[in-house]
Amino acid sequence: MTAEMRRSSGAFSVPIKNIERELICPICKELFTHPLILPCQHSVCHKCVKELLMLNYEDSFDAGSESSVPGSPRSRVPSPSMERLDRLVRSGSISSPGWRRGSVTPRVTAIPCPGCQHDIDLGERGISMLFRNFTLESIVERYRQAARAAVAIMCNVCKPPNQQEATKSCMDCKASYCNECFKLHHPWGTPKAQHEYVGPTTNFRPKVLMCPEHEMEKVNMYCEVCRRPVCHLCKLGGSHANHKVTSMSSAYKILKEKLAKSIHYLISKEDQVRTQITELDRLISQTEENGQLAEREANEHFERLFETLQERKSEMLRSIEQSRNRRIDQLKGQVEEYQGMLENSGLVGYAQEVLKETDQSCFVQTAKQLHVRIQKATESLKTFHPSADPCFDEFVLDTSKEETLLKEMCFGGVPDPPLIDWSHSRVYNEASICWRLSEDHLPTDHHVLEYRKLGGQSQSPSPGNGEDNGVWRAADRVYGSSAVVHDLEPDSRYAFRVRSCRNSMFSPYSPEVSFHTPPAPVFNFLFSDKCGFSTERLILNNRRDAVESVAGMAFLLSAERVQSGSYIGLDYIIGDTGISQGRHYWAFKVEPYSYMIKVGVASDTKLAEWFHNPRDTSSPRYDHDSGHDSGSEDACYELSQPFTLITLGMGKLFIPKASSSSSVSNANLSSGDPGNRVLPMPQRLGVCLDYDAHRVYFYDADTMRCLFERQVDCSGTMFPAFGLMGSGKVQLEEFITAKKLTF
């Protein structure tokens with residue numbers, strides 16, 4: 001740290017009381033107690049980790065059992081002493097709570113990290129594989145002392161009532177002393193005088209950090225892959241054998257320098273941060289005011305809608321009521337009419353008596369008027385019709401259109417455009433396009449992905465498709481944040497864009513992103529575990545799409561013969577499928593830590609020669625067809641060979657010297673300057689074999705830029721070939737598979 005940085009740090013000292021937020025366990029929400037560092041670098045109390053393991057263990061037995069009693073994990077797990085904790089950690093008895101050796105129940109060693117929400121696998125040894133965060137413990141202890149308002153730590157030797165305040169704490173004795181007791185128990189000229197002492201504390205941590213996997217070994221290296229301290233046994237034959245490590249002093253210096261620079265940057269930007277905080281406060285107030293204004297306006301709009309609906313409702317109910325009253329009156333009048341007919345039943349009896357009259361003139365005189373009255377009553381009975389219709393069909397409303405309009409009312413405005421995620425999108429046998437939405441976006445209904453072929457980009461244009469250049473093709477209603485596009489033409493450049501839809505309103509298009517398709521159809525193969533595969537030095541995963549070279553004991557034994565001039569051979573592995581015609585492409589990733597890996601193609605006859613000849617008994621420097629990294633590529637052979645391999649290692653790619661049958665895409669690569677033939681290793685490398693044209697091409701698979709090409713003898717069956725020496729790993733590109741989209 002520079003002097004200026006030290007002065008800045010001193011001028012901006014943060015009080016210990018202001019860092020409480022950093023000292024709170026994310027599970028129990030209390031100050032850390034014996035914190036452990038998870039593999040994801042987050043810290044959690046030991047008790048909380050154990051509680052999480054217990055909960056997962058109980059769930060594995062009975063998923064439907066009653067959940068644990070709510071509350072802090074501290075209230076349910078007794079607090080062990082520091083000495084007992086160390087014994088338990090070292091013995092591994094707390095690696096997986098509830099699990100016994102020989103149990104048929106699988107051991108539970110995975111817990112969700114409360115900090116990053118990722119699942120953490122603690123491995124076979126469980127909690128015993130975790131480091132205690134002694135630095136965090138010390139900070140918590142200093143915070144506790146500051147929070148106690150200078151409550152003194154008393155001497156552990158003095159007895160009340162004359163007990164004195166401690167002035168020192170011995171890290172070896174794990175006790176605190178006053179001045180007199182410290183001199184008494186650490187006399188000059190004795191071994192105790194060499195003990196390490198610090199200011200008064202109750203936090204006694206080990207003087208040396210020991211490896212949790214190899215309990216008797218001190219940690220003296222730092223694994224850059226796992227980001228944790230390791231011992232030399234972890235590097236030699238443990239789980240970190242193939243990882244890149246640095247010395248502890250180097251890691252300490254680098255990390256401390258980075259942290260100091262970051263702190264210095266934050267301190268130097270204090271005024272800027274305060275200005276930004278003021279601006280954020282203003283935005284918060286403005287957001288609050290605008291939100292309240294939007295609420296008032298929304299209430300006004302909906303109130304007007306409610307008033308209009310209420311008016312229409314009242315009008316319709318009034319019309320229904322009037323119609324109902326009118327019809328009831330009409331029907332009641334008809335009832336009265338028929339009721340009168342029943343009341344006039346004496347008319348019938350009178351008519352019957354008139355019929356008994358025998359004098360004709362008298363009968364006619366009386367019956368004429370009586371008949372008219374009887375005839376009217378008879379006609380009303382023959383033609384019965386209600387005076388009103390009881391149905392109210394004319395008042396039935398169809399509000400489906402209005403309901404649809406209300407549901408389609410957009411209150412969120414136009415949705416924000418999504419952004420295509422370049423890092424997660426890729427083009428291989430198909431195109432897998434991923435996108436992300438803004439952090440504060442509202443839910444969307446669906447997305448529309450569009451793509452088009454860009455003209456003038458293809459090195460080998462396909463006939464008959466020129467009319468599609470520049471025309472956007474779309475896949476509608478894509479749910480989720482990714483889609484797969486099929487049937488893209490090889491060796492072509494395509495542009496992609498996407499937009500979101502919400503409530504029938506479309507967002508603007510995302511910025512266009514272009515990808516170049518492979519130069520040939522993708523060749524599907526896996527690593528062969530039969531032909532020449534070395535099980536001693538090569539590890540093949542179960543899917544056979546990744547191979548790893550381990551620099552173990554066999555490699556060290558072979559190294560003894562280097563003194564006599566012999567050569568340590570590469571371990572070859574090939575694809576399980578050969579090529580006998582056509583044009584094919586495949587891609588893979590070589591891990592940056594790999595020492596030396598050769599990739600390319602080789603014929604079946606050449607592979608048989610490599611696999612059956614003992615390559616470690618004679619130097620291949622005299623065999624220009626060996627394919628080893630022995631300088632053979634430096635000689636320019638005009639003859640077409642049955643193999644072509646290029647070398648990758650230590651984060652670099654080495655371009656072989658060009659000849660009349662080979663070419664390099666970069667004109668600045670001079671065959672006479674070895675430095676110009678070294679390129680940074682691409683994240684993914686692609687190989688294209690044109691069997692009929694007898695040429696092989698090597699590409700940067702991300703940009704589809706041809707790095708190198710050479711003529712190759714394709715007289716036999718050609719296989720993808722890989723040679724590994726030392727530590728290294730090759731991962732084949734995974735095929736893109738998904739449900740086919742309909743365009």
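Which strands each supply at least two residues of the lining of the second largest pocket? They are strand 13 (426–427), strand 20 (513–516), strand 24 (583–590) and strand 34 (728–732), strands being DSSP runs of E with at least two residues, numbered from the N terminus, as helices are runs of H or I with at least four.

This is a predicted model, in which local features need pLDDT of at least 70 and side-chain atom pairs count only at pLDDT 80 or more, while totals for chains, interfaces and linings use all residues. Residues are numbered from 1 along each chain as its sequence is written, and side-chain values use heavy atoms, with hydrogens and water left out.

**The second largest pocket**

A pocket is here an open set of points on a 1 Å grid over the protein atoms alone, where a 1.4 Å probe fits, with protein on both sides within 12 Å along at least five of seven lines; its lining residues have an atom within 4 Å of a point. The second largest pocket has a volume of about 550 Å³, taken as the space filled by probe spheres set on the points. Of its 24 lining residues, Ser-423, Gln-683, Arg-684, Asp-702 and Glu-733 lie nearest the centre. At least three lining residues come from each of domain 3 (419–456 + 470–517) and domain 4 (518–561 + 569–612 + 641–655 + 677–737), with bounds from an automatic or database domain assignment. The lining divides as follows, with Gly counted as polar.

| Class in the lining | Residues |
|---|---|
| Nonpolar | nine |
| Polar | eight |
| Charged | seven |

Six strands form an open antiparallel sheet in the order 23-33-25-26-27-29, where pairing requires at least two DSSP bridges between two strands. Strand 23 (571–574) and strand 29 (678–680) each have a single partner strand, so one side of each is left without a neighbour in the sheet. Strand 23 pairs with strand 33 (residues 718–725) over four antiparallel bridges, and Asp-571 stands opposite Leu-724 in strand 33.

Three strands form another open antiparallel sheet, in the order 2-1-5. Its edges are strand 2 (43–45) and strand 5 (131–132). Two bridges join strand 1 (residues 35–37) to strand 5, and Ile-37 has Phe-131 as its bridge partner there.

**The annotated span**

An unreviewed UniProt entry lists residues 25–51 as "domain: RING-type", an annotation that may be inferred rather than shown by experiment. The end C-alpha atoms of residues 25–51 lie 13 Å apart, and the span is 22% helix and 22% strand.
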